[in-house]
Amino acid sequence: MAVAELSTSCTKTHSSQLSLSSSYSSRFSHHFRRSFRPLPTTRNPTISCSVASDQVQTPIPVQAQDLKGKSECYGVFCLTYDLQAEEETKSWKKLINIAVSGAAGMISNHLLFKIASGEVFGPNQPVALKLLGSERSIQALEGVAMELEDSLFPLLREVSIGINPYEVFQDAEWVLLIGAKPRGPGMERADLLDINGQIFAEQGKALNASASPNVKVIVVGNPCNTNALICMKNAPNIPAKNFHALTRLDENRAKCQLALKAGVFYDQVSNMTIWGNHSTTQVPDFLNARIKGLPVKEVIKDHKWLEEEFTEKVQKRGGVLIKKWGRSSAASTAVSIVDAIRSLITPTPEGDWFSSGVNNLLKLVVYSRSVYTNGNPYGIAEDIVFSMPCRSKGDGDYELVKDVIFDDYLLKRIKKVYMPVSFWCKGDCSSEIREGFQGLPQLNFGLDMSFSEAELLAEKRCVAHLTGEGIGFCDLPEDTMLPGEM
Ligand SMILES: NC(=O)C1=CN([C@@H]2O[C@H](COP(=O)(O)OP(=O)(O)OC[C@H]3O[C@@H](n4cnc5c(N)ncnc54)[C@H](OP(=O)(O)O)[C@@H]3O)[C@@H](O)[C@H]2O)C=CC1
Ligand SMILES: O=C([O-])CC(=O)C(=O)O
């Protein structure tokens, strides 16, 4: 029997077990067994599948002790190999485990194939994909696994699928949290925060219990900043710094719009920061961005366009696309997830940075993705996940960028700003800001809730019941949009 036939037969065997158990998963041996050996399943230890290059073995009962620390596999990925036995795979790095939620969704349908091809982690990096779905998506997830099988990616050495995050996140070194309920017509942002927040609270607990202690987590499912905060709060054993909310798509969109206006190719645009929330309150920073190494405002003289049209175009790009396409950005989001990962595993080019939604407990550096705000140098409220500029040495870690400048326009949009003495204000700074330099610890520009920081603080209050900080109270003053909503 051919391998393809075998994998189909394994799939059918697993399918019959789905209603009884929670997950599929796979096992890949990095050790040096030349022989293909049967793989155990934890749900039904009497059934396993294996194949040699020219033969098929019948299912072999698996002893209970063999199941410890093992997981189940999908189809052809049940096979185990000795990588060191092959000349071309001898130099490969140790297999890494990458878990993806919402794996049967549109974004994943692009992303998984990029990861499996080696485009993300490199040509010598074998990968194990651990796909998280749900009862509603498990059949589709099998379809995804079948397509991965049929793609014959040399670097893809394991695929497992499951619906239990505690199992799927086992030993994961990267976790890409994409699955989330989409906001439907008439649904308030507060409802979305609660429904999706519960998913991310549960997944945070699962990460805490099962994932590798230094796992890197990128939250994509919306509202991604607050989902990332919830997830992080439910995973106290994992460094807060390791949680990101994806704002790289916004960064890419902003670069594209600036390139278009300046009449240059988009690779000429650098130092692009997205500040704040992945929502229509986000602030694409044209003050610090550069075109061909020059400040944007020196290249694009139409400052009214920058302040009004550019900002709104980036904030609402997702919504315009939905109107054209009939669905939200999936391919470009997948590309931006790849960019976000690569920004963490390759050194940031000298002088440049990227955006990420991160937490404030960071040392200073430069990039765009939402990160946790504790310890941020910009005076942004602590303990939220806020998109800020970051830099990485390529070791998976990052620092916040120090040498950014602010002016009235930027400050007022980000809102509450404290300017440490190491920062300076360019041009016509208001007296409020100058007073800040003279010793005020923090500056408040009113309580206009359309500002990104205020919005994230309100979202945080709304999900307090999911972060262990009391009773959730939603006082979201205005029903702001995700970039895909208009
Ligand atoms: N941060 C960013 O830049 C961007 C974020 N996004 C967000 O990414 C997320 C995924 O987008 P996309 O892949 O296009 O969406 P899809 O609708 O294709 O897939 C989403 C997945 O979410 C899961 N899900 C979880 N809970 C529910 C629920 N209650 N109802 C329905 N599905 C649910 C489903 O998987 P399962 O059944 O397996 O759980 C589903 O496959 C969305 O939240 C979207 O808003 C999109 C674009 C950009
Ligand atoms: O709103 C959505 O689901 C899509 C989204 O985040 C975007 O396009 O940036």
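The questions and answers below walk through parts of a predicted model.

Trainee: What kind of model is this, and what pLDDT do local features need?
Mentor: Residues are numbered from 1 along each chain as its sequence is written, while chains are lettered from A and ligands numbered from 1 in the order in which they are written. This is a predicted model in which totals for chains, interfaces and linings use all residues, side-chain atom pairs count only at pLDDT 80 or more, and local features need pLDDT of at least 70.

Trainee: How many residues of strand β4 are buried?
Mentor: Strands are DSSP runs of E with at least two residues, and helices are runs of H or I with at least four, numbered from the N terminus. A residue is buried if 20 or more other C-beta atoms lie within 10 Å of its own, exposed if 12 or fewer, and partly exposed in between, with C-beta atoms placed from the backbone. For β4 (residues 127-132), the buried count is 6 of 6.

Trainee: Which residues of β4 point the other way from V127, L129 and L131?
Mentor: In a regular strand the side chains alternate between the two faces of the sheet. Both sets in β4 are buried. Opposite V127, L129 and L131 point A128, K130 and L132.

Trainee: Which residue is the bridge partner of I98 in β4?
Mentor: Two strands pair if DSSP finds at least two bridges between them. Strand β3 (residues 96-101) runs parallel to β4, joined by 6 bridges. In β4, I98 has as its partner L129.

Trainee: Which residue in β5 stands opposite V127?
Mentor: Strand β5 (residues 156-162) pairs with β4 in the parallel sense, over 6 bridges. Opposite V127 stands L156.

Trainee: Why does V175 count as buried?
Mentor: V175 is found in strand β6 (residues 174-177). Its C-alpha atom is separated by 6.4 Å from that of I218, 43 residues apart along the chain. V175 counts as buried because its C-beta neighbours inside 10 Å number 30.

Trainee: What span does helix α10 reach from its first C-alpha to its last?
Mentor: Helix α10 (residues 331-345) has 15 residues. The expected span is 1.5 Å times one less than the number of residues. Expected here is 21 Å, and α10 comes close to that, reaching 21 Å.

Trainee: How many charged residues are in the shell around ligand 1?
Mentor: The residues closest to ligand 1 are G105, S137, G179, A180 and K181. Asp, Glu, Lys and Arg count as charged, Ala, Val, Leu, Ile, Met, Phe, Trp, Tyr, Cys and Pro as nonpolar, and the others, Gly among them, as polar. The shell has 13 nonpolar and 13 polar residues, and its charged residues number 2.

Note on methods
Near = placed C-beta within 6 Å.
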